[in-house]
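This briefing concerns the architecture of one protein chain. Please consult the sequence and the structure shown below while reading.

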Amino acid sequence: MADKPDADKSVAEEAPRKGRMQALAASLPGIAGKALGKRGLAEGGLVTDWTAIVGEQLARSTLPLKLAFAGRERRDGTLHLRVAGAIALELQHLEPQLIERINAYLGYGAVARLRLERGPLPQVARGRRLAEPSTAPLAPAESAAIDRSVEGIADEALRQSLARLGATLAREAKKPAGR
């Protein structure tokens, strides 16, 4: 009988506590990772920061669809891109530079090749209205609050991505309705 309280204690320590407030940064990877993972984009930053990764001109004509890996190891994958118009030929020539930029952004050799799929881009992708980051500076208190909310995250790349997301959301909240 003396062993039972210890067993209950270890189970309680492993299970996340419910009914308690958690930082968004603590639960976001579990939520967003599942949704993006189903579409082959577990590296969600590829979608959200595509314009920053490849540049405005290429972002207007391309859209990442999925990142596929051959085995269990998440390295040397194939990034499937939807490409509009004649930019496909240019992308074939720029492939080494694009792969280098994407891998530098992700922080590891996730992409080894690109697979271009010609077709029309969704209206949002063409206009990039949702992906355009606002450059308005945040108030020091807002920046400090965002930094505090992500400071407990050990993964540097994830912490930076969530901080950028928090800053973008804070800027969007300031915009007047209808903009």
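In which sense, left-handed or right-handed, does α8 pass α9? The crossing of α8 past α9 is right-handed, a crossing being left-handed if the near helix is turned anticlockwise from the far one by less than a right angle, and right-handed if clockwise. The model is predicted, so local features need pLDDT of at least 70 and side-chain atom pairs count only at pLDDT 80 or more, whereas totals for chains, interfaces and linings use all residues. Residues are numbered from 1 along each chain as its sequence is written, and side-chain values use heavy atoms, with hydrogens and water left out.

**The helix pair**

- Helix α8 (residues 140–150) and helix α9 (residues 156–174) pack at about 145 degrees, and their axes are 9 Å apart; helices (H or I, at least four residues) and strands (E, at least two) are DSSP runs, numbered from the N terminus.
- Axes are lines fitted to C-alpha atoms, for helices over the stretch in contact, and angles run from 0 to 180 degrees between N-to-C directions.
- On the α8 side, the contact (heavy atoms within 4.5 Å) is made by Glu142, Ile146 and Val150.
- On the α9 side, the contributors include Arg159, Leu162, Ala163 and Gly166.

**The sheet**

- Three strands form an open sheet in the order β1-β2-β3, with mixed pairing; two strands pair if DSSP finds at least two bridges between them.
- β1 (62–68) and β3 (111–118) are the edge strands, each pairing on one side only.
- Neighbouring strands of this sheet are turned against each other by 25 degrees on average, direction ignored.
- Helix α6 (residues 87–106) packs on the sheet, where it touches β1, β2 and β3, and its direction makes about 150 degrees with that of β3.
- β1 pairs with β2 (residues 77–83) in the antiparallel sense over six bridges; Pro64 has Leu81 of β2 as its bridge partner, and Lys66 stands opposite His80 in β2.
- β2 and β3 run parallel and are joined by seven bridges, with Arg115 in β3 as the bridge partner of His80.
- A right-handed β-α-β unit is made by β2, α6 and β3; a crossover is right-handed if, with the strands pointing away from the viewer, the path from the first strand over the helix to the second runs clockwise.

**Burial and exposure**

- Six of the seven residues of β2 are buried, so this strand is largely enclosed by the rest of the structure; buried means under 20% relative accessible area, exposed over 50%, and partly exposed in between (1.4 Å probe, protein chains only).
- Thr78, in strand β2, is buried with a relative accessible area of 18%.
- Leaving aside neighbours within four places in sequence, Thr78 is in contact with Lys66, Leu67, Ala68, Arg113, Leu114 and Arg115.
- Ala52, in helix α4, is exposed, with a relative accessible area of 70%.

**Nonpolar cores**

- The largest nonpolar core has 21 residues, and those with the most contacts inside it are Leu46, Trp50, Leu79, Ile102, Val111 and Leu114; such a core is a set of buried Ala, Val, Leu, Ile, Met, Phe, Trp, Tyr and Cys residues joined through side-chain atoms within 4.5 Å.
- At least two residues of this core come from each of α4 (50–54), α5 (56–61), β2, α6 and β3, and the largest share, seven residues, comes from α6.
- Another core, of eight residues, lies apart from this one and has Leu162, Ala163, Ala167 and Ala170 among its members.
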